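Here are my notes for someone opening this model for the first time. Have it on screen as you go through the points.

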Amino acid sequence: MTVFIVGNQTNSCLEASYRRGFEEQGVRVRTYAIFEHQRNYVRLGTFGKLFHDFVPVEAWQQKLNRELALTIVAEKPDLVLVFGNAPVLSGTLAFVRSLTTIPFVLVWPDPLLNLQAHVQQAALLYDGVATFSRATVPVFEQMQFRHVYWLPLAADPALHGLDSPPNTFSYDLSFVGAWRPEREKALATIKRLFPQLRIGIWGTDWNRCQTVALRSLARNSALRGQAYAQAFNASRINLNVIDDTCYPAANMRFFEIPVAHGLQLASLCPEFQETYRHQEHMLYFSDETQLGNNIEWVLQHPDQAATLRAAGHRQVLQAHTYAHRVAQLIDLISHIRAKP
């Protein structure tokens, strides 16, 4: 079996995690780094790139998609996976489908607010959709996508897995992720309730933070790979304020924290609260009182917190890695092929 992945190609991106998952299953993978190929067709230097990012130039997109379509037809993979908003036009799917029976599946890992028009325009040409949120399944169906399945995000042990739990902690509480108003609000509450805590914050856009007490703590830069995992491992508590637009689904951090032996304190995540249970695999909060009570509990019960950390790690390795998701995806493809 050969799978053709269309999307990003950086080592820390979702596509790379799926590639490793497929390779673990013995599947040959070909990655088409569409955004790198796009550079070959964008003109006018830096200005052209910036302009194309915000107002895609149809002629440049058509040239890129011609190359992509001919590559797929020539290579004849068994499956094409298109990730998120990768600029694959409906005409590309139509052309390939006119010459081959290669199935196309959209892997959707984002809030629906991010869905771009070119993806929806190709709805009837996709053979299936694997979406990260169960709540989005009926909505994709309303948009006339066929064979829509729930395939959550997961952990990548090769990228974020660590061999052992921490013996000591550099931070009492950390947050790794981009600034959002809801995240600033939670961290400001923690700083007010627990001024003595050693707090670490990493991520983009934290220069927008309005809370003076947090500004000196925030490093306005992203962590990736092992540096990302080490931050989770080195913190007594890892805060996960899931983006409001992600609700009720789990974000990537939901799985990345436990695979790095981190203890997770997350905002409510209804799609996974029966699988990752409160005070069994992790901790949840829905308001300031619960947020403070959970932190106090961890500080006062270090042994129980260590047990929780270990249980979360076991749970993610047992059923929620990208090797598991790939096995689910292969099963979904067989169901798609069996249906009209």
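1. Helices (H or I, at least four residues) and strands (E, at least two) are DSSP runs, numbered from the N terminus. Bear in mind that this is a predicted model, where local features need pLDDT of at least 70 and side-chain atom pairs count only at pLDDT 80 or more, while totals for chains, interfaces and linings use all residues. Residues are numbered from 1 along each chain as its sequence is written, and side-chain values use heavy atoms, with hydrogens and water left out.

2. Let's start with Ala 188, which sits in helix H9. It is partly exposed, because its relative accessibility is 22% (buried means under 20% relative accessible area, exposed over 50%, partly exposed in between, with a 1.4 Å probe and protein chains only). Leaving out residues up to four places away in sequence, Ala 188 touches Thr 211 and Leu 214, where contact means heavy atoms within 4.5 Å. Ala 266 is 78 residues from Ala 188 along the chain, and their C-alpha atoms are 16 Å apart.

3. (On a 1 Å grid over the protein atoms alone, a pocket is an open set of points where a 1.4 Å probe fits, with protein on both sides within 12 Å along at least five of seven lines; lining residues have an atom within 4 Å of a point. A volume is the space filled by probe spheres set on the points, which are joined across faces, edges and corners.) Of its 16 lining residues, Glu 182, Val 241, Ser 267, Phe 285 and Ser 286 are closest to the centre.

4. Which helix gives the largest share of that pocket's lining? H9 does, with four residues. Helix H9 (181-193) and helix H13 (288-300) each supply at least two. By type, the lining splits into seven nonpolar, three polar and six charged residues (nonpolar: Ala, Val, Leu, Ile, Met, Phe, Trp, Tyr, Cys and Pro; charged: Asp, Glu, Lys and Arg; polar: the others, Gly among them).

5. Now the inside. The largest nonpolar core has 72 residues, and Val 6, Tyr 18, Leu 81, Phe 145 and Phe 254 have the most contacts inside it. (Such a core is a set of buried Ala, Val, Leu, Ile, Met, Phe, Trp, Tyr and Cys residues joined through side-chain atoms within 4.5 Å.) Apart from it lies another core of 28 residues, including Leu 187 and Val 298. In soluble globular proteins, nonpolar side chains tend to be buried together.

6. Gln 315 belongs to helix H14 (residues 302-319). Is it buried or exposed? Gln 315 is buried, because its relative accessibility is 16%. A polar atom of its side chain lies 2.8 Å from the backbone oxygen of Thr 275 (a polar contact is a pair of N or O atoms within 3.5 Å; within protein, one must be able to donate a hydrogen and the other to accept it, and residues adjacent in sequence count only if both atoms are side-chain atoms).

7. Arg 43 is in the loop between helix H2 (34-38) and helix H3 (45-54), and its side chain reaches the backbone oxygen of Asn 40 at 3.0 Å. Leu 44 is found in the loop between H2 and H3, with phi near 70°, a positive value in a residue other than glycine.

8. Lastly, check the cis peptide bond joining Tyr 247 and Pro 248, with omega about 10°.
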